[in-house]
Amino acid sequence: MSAPSSLFVLHVTSPVGTIQLTSTENQLFRACFLENGPETDSPVIPVCLQEAATQLEEYFAGKRHTFDLPLYTQGTPFQQQVWQALQQIPLGKTDHYLGLAKRMNNAGAVRAVGVANGANPWMILVPCHRVVGAQGQLTGYAGGLWRKQWLLEHEAKMSGTYQTALF
């Protein structure tokens with residue numbers, strides 16, 4: 001599916017860097033980390049984009065454990081199935097690619113699950129950072145492993161499962 005013709009942009013400052021939120025008039029299109037570049041917000045900010053920023057701020061403040069946002073449907077049916085499965089991983093918990101594939105009744109799709117996880121357009125909001133290696137080790141994250149570790153430790157603290165050494 002191609003990008004919609006009208007997109008709106010809003011930037012959120014967070015403990016793990018600037019998050020660029022992009023939406024249509026009614027649905028969140030993308031949430032990603034902005035490493036460099038202009039942080040120019042759209043002159044008009046739709047309600048769904050304002051709500052996404054509010055929910056992220058609540059998450060970083062430790063007051064929100066799940067996100068409830070209208071997401072712009074994009075990606076293949078398989079990717080969408082993986083992204084739905086990611087949203088089922090509870091705060092403070094992790095899973096691995098094989099675990100996700102098994103929950104999707106498709107244990108042979110481990111690599112495809114990994115690719116779909118990496119293509120997730122809604123970082124943090126659809127928690128792809130909760131997927132770790134089969135032995136519990138940190139594995140790739142488009143936002144960088146330091147962010148992944150920070151997010152997992154933040155969520156462990158929020159959920160009461162924090163340990164002195166998470167990994």
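Predicted model: local features only at pLDDT ≥ 70, side-chain atom pairs only at ≥ 80, totals over all residues.
The protein chain falls into two parts. Domain 1 covers residues 8-61, and domain 2 covers residues 77-159. Their centres, taken over C-alpha atoms, lie 21 Å apart. The two domains touch. In domain 1, 15 residues are in contact with 16 residues of domain 2.

The size of an interface is often given as the accessible area lost when the parts come together. Here, domain 1 and domain 2 bury about 1300 Å² between them. Carbon and sulfur atoms account for 67% of that area. On the side of domain 1, Val16, Phe33 and Tyr59 lose the most area to domain 2. Together these three residues make up 48% of what that side buries.

Polar links also cross the interface. Between domain 1 and domain 2 there are 8 residue pairs in polar contact, both residues of each pair being at pLDDT 80 or more.

Salt bridges were considered next. Side chains of opposite charge can pair when their charged atoms come close. The count for the model comes to 4 salt bridges. Across the interface of domain 1 and domain 2 there is 1 salt bridge. The side chains of Arg147 and Glu35 meet in a salt bridge, with N and O 2.7 Å apart. This pair links distant parts of the chain. Arg147 belongs to helix α5, Glu35 belongs to the loop between β3 and α1, and 112 residues separate them. Arg147 has 4% relative accessibility, so it counts as buried. Glu35 has a relative accessible area of 52% and is therefore exposed.

Another salt bridge joins Arg64 and Glu58, whose closest N and O atoms are 2.8 Å apart. Arg64 sits in the loop between α1 and α2 (77-86). Its relative accessibility is 19%, and the limit for a buried residue is under 20%, so Arg64 counts as buried. Glu58 is partly exposed because its relative accessible area is 28%. The side chain of Arg64 has a further polar neighbour. One of its polar atoms lies 2.9 Å from the backbone oxygen of Thr66. Beyond residues up to four places away in sequence, Arg64 touches Gln55, Glu58, Tyr59 and Met158. Tyr59 is also among the residues of domain 1 that lose the most area to domain 2.

Asp95 and Arg103 form a salt bridge as well, with their closest N and O atoms 3.2 Å apart. Asp95 has a relative accessible area of 15%, so it is buried. Arg103, at 40%, is partly exposed.

Asp95 is also a contact of Val131. Val131 is part of strand β5. Its relative accessibility is 0%, so Val131 counts as buried. Leaving aside neighbours within four places in sequence, the contacts of Val131 include Leu86, Ile89, His96, Tyr97 and Leu100. Asn117, Thr139 and Lys148 are also among them. Leu86 and Val131 are 45 residues apart along the chain, yet their C-alpha atoms are separated by 8.1 Å.

Two residues other than glycine have a positive phi. For Asn105, phi is about 60°. For Ile124, phi is near 70°. Both lie in loops. Asn105 is in the loop between α3 (97-103) and α4 (110-118). Ile124 is in the loop between α4 and β5 (131-132). Their surroundings contrast. Asn105 counts as exposed because its relative accessibility is 72%. Ile124 counts as buried because its relative accessibility is 2%.

At 29% relative accessibility, Ser159 counts as partly exposed. Apart from neighbours within four places in sequence, Ser159 is in contact with Leu91 and Gly92. Thr76 is 83 residues away from Ser159 in sequence, and 32 Å separate their C-alpha atoms in space.

How values were computed. Residues numbered from 1 in each chain as written. Heavy atoms only, no water. Domains from an automatic or database assignment. Contact = heavy atoms within 4.5 Å. Buried area = accessible area lost by both parts, 1.4 Å probe. Polar contact = N/O pair within 3.5 Å; in protein donor to acceptor, adjacent residues only side chain to side chain. Helix = DSSP H or I, 4+ residues; strand = E, 2+ residues; numbered from the N terminus. Buried < 20%, exposed > 50% of the residue type's maximum accessible area, 1.4 Å probe, protein only.
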